[in-house]
Amino acid sequence: MKYRQLGDTELQISEVSFGTWAIGGGWGESNDDESIRGLHRAMDAGVNFFDTADVYGSGHAEELLAKATKGKEDDIHIATKFCRSGDIHDLATYSEQAVRQFAENSLKRLNRERIDLYQIHCPPLAILKDGTVFEVLEKLKAEGKIRHYGVSVETVEEGLFCLTVPGVKALQVIFNLFRQKPAEALFPQANAAGVGILVRLPLASGLLTGKFTAASTFAADDHRNFNANGDQFNVGETFAGLPFTKGVELAKELAWIGEVRGNMARASMRWILENPNITCIIPGFKNVKQIEDNLATLEVPPFTPNELARLQSFYTTQVHEHIRGAY
């Protein structure tokens, strides 16, 4: 395993880390025993960072992490998120009373005394500009309830604003071969500001595994079904904002990247990690096999300059125009 510094903090985290949305809920059926085995396999391989949220399975993902990391609290870093169990547009959701309760609830489920990275979970820009929530987070940090705080953002504009807030130490963004805009201005400026970058949905909800066909279907409780067109939350969180059938079509044209790298998934994540401004990727998983396959990303060869140029041209000429949602 290789490790990268999270912005200008003291944390050194595994460049391949994992998110827990899938094992908490929202991606169809999951098995808790298999989820725990996957978490243990990741830690055995040197993974020391996991991302979760209080709304993943209504806190279930946090509880699974508590069980898997028991006795390893000093070595395994956990980032969790808050606000989406309330009305994200209501300032009351970000009041000191509300945020304290969110934090205490997460600490209880995680069975920890401190949250390593506490993130606001995709709030509206107006909330960020109000600034009240950052004052609350500073209080929680001073009290030792949280170690650092950051923001999970949907747009480059939100991310750039967060860089003006001195206490923000991490931004979590959607970034992959199908959604590249953050690399242009946000990533370099974040690096200059000492802010780490956590990349979620590196496989565009599975499109970049190359395993889907236009006939693929998803369970009723899978966001790839109920949010395919942004009916429940930002469409960018599902298939990188691409219409599903178009995403399948585009993925087929990218099949070549996996030819010398094992498969498309490993190649897609390798491409992300070649950006020096990235701290880590946090792909999801449901079982040990997916953990092992994602970890194999570390072993595949880098892209050549010609390959990188080809990918950039593909994104610019064939992908970008089809992306929907705030970006």
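Rings of Phe, Tyr and Trp, the last taken by its six-membered ring, are counted as a pair if their centres lie within 6.5 Å. In this predicted model, one aromatic cluster is formed by W21, Y56, F226 and F233. The structure as a whole holds 14 aromatic pairs.

Among the aromatic pairs is that of F82 and Y118, whose ring centres are 4.5 Å apart. The planes of F82 and Y118 meet at 25 degrees, so this pair is stacked, given that planes under 30 degrees apart count as stacked. The pair links distant parts of the chain, with F82 in strand 5 (residues 77-82) and Y118 in strand 6 (residues 115-121). F82 and Y118 are 36 residues apart. Both F82 and Y118 are buried.

A tilted aromatic pair is formed by F134 and Y149, with 6.3 Å from centre to centre and 35 degrees between the planes. This pair also links distant parts of the chain: F134 belongs to helix 6 (residues 132-142), whereas Y149 belongs to strand 7 (residues 146-152). F134 and Y149 are 15 residues apart. F134 has a relative accessibility of 6% and therefore counts as buried, the cut-off being under 20% relative accessible area. Y149 is buried as well, with a relative accessible area of 1%.

Charged side chains are also placed over aromatic rings. R261 lies over the face of F303, at 3.8 Å from the ring centre. R310 lies over the face of W256, and here the value to the ring centre is 3.9 Å.

The second largest pocket was examined next. Rolling a probe the size of a water molecule over the atoms shows where empty space is left. The second largest pocket has about 240 Å³ of space. The residues that line the second largest pocket are F175, Q180, A183, E184, W271, I272, E274, N275, L308, L311, Q312 and Y315. Two or more residues of this lining are given by helix 11 (264-273) and by helix 13 (305-319). Helix 13 supplies the largest share of the lining, 4 residues. By class, the lining of the second largest pocket consists of 7 nonpolar, 3 polar and 2 charged residues.

Note on methods. Residues are numbered from 1 along each chain as its sequence is written. This is a predicted model: local features need pLDDT of at least 70, side-chain atom pairs count only at pLDDT 80 or more; totals for chains, interfaces and linings use all residues. Side-chain values use heavy atoms; hydrogens and water are left out. Rings of Phe, Tyr and Trp (its six-membered ring) pair if their centres lie within 6.5 Å; planes under 30 degrees apart count as stacked, over 60 as edge-to-face and the rest as tilted. Buried means under 20% relative accessible area, exposed over 50%, partly exposed in between (1.4 Å probe, protein chains only). A charge sits over a ring if NZ of Lys or CZ of Arg is within 6 Å of the ring centre and within 35 degrees of the ring normal. On a 1 Å grid over the protein atoms alone, a cavity is a set of points where a 1.4 Å probe fits but cannot get out, and a pocket is an open set with protein on both sides within 12 Å along at least five of seven lines; lining residues have an atom within 4 Å of a point. Grid points are joined across faces, edges and corners, and a volume is the space filled by probe spheres set on the points. Ala, Val, Leu, Ile, Met, Phe, Trp, Tyr, Cys and Pro count as nonpolar, Asp, Glu, Lys and Arg as charged, and the others, Gly among them, as polar.
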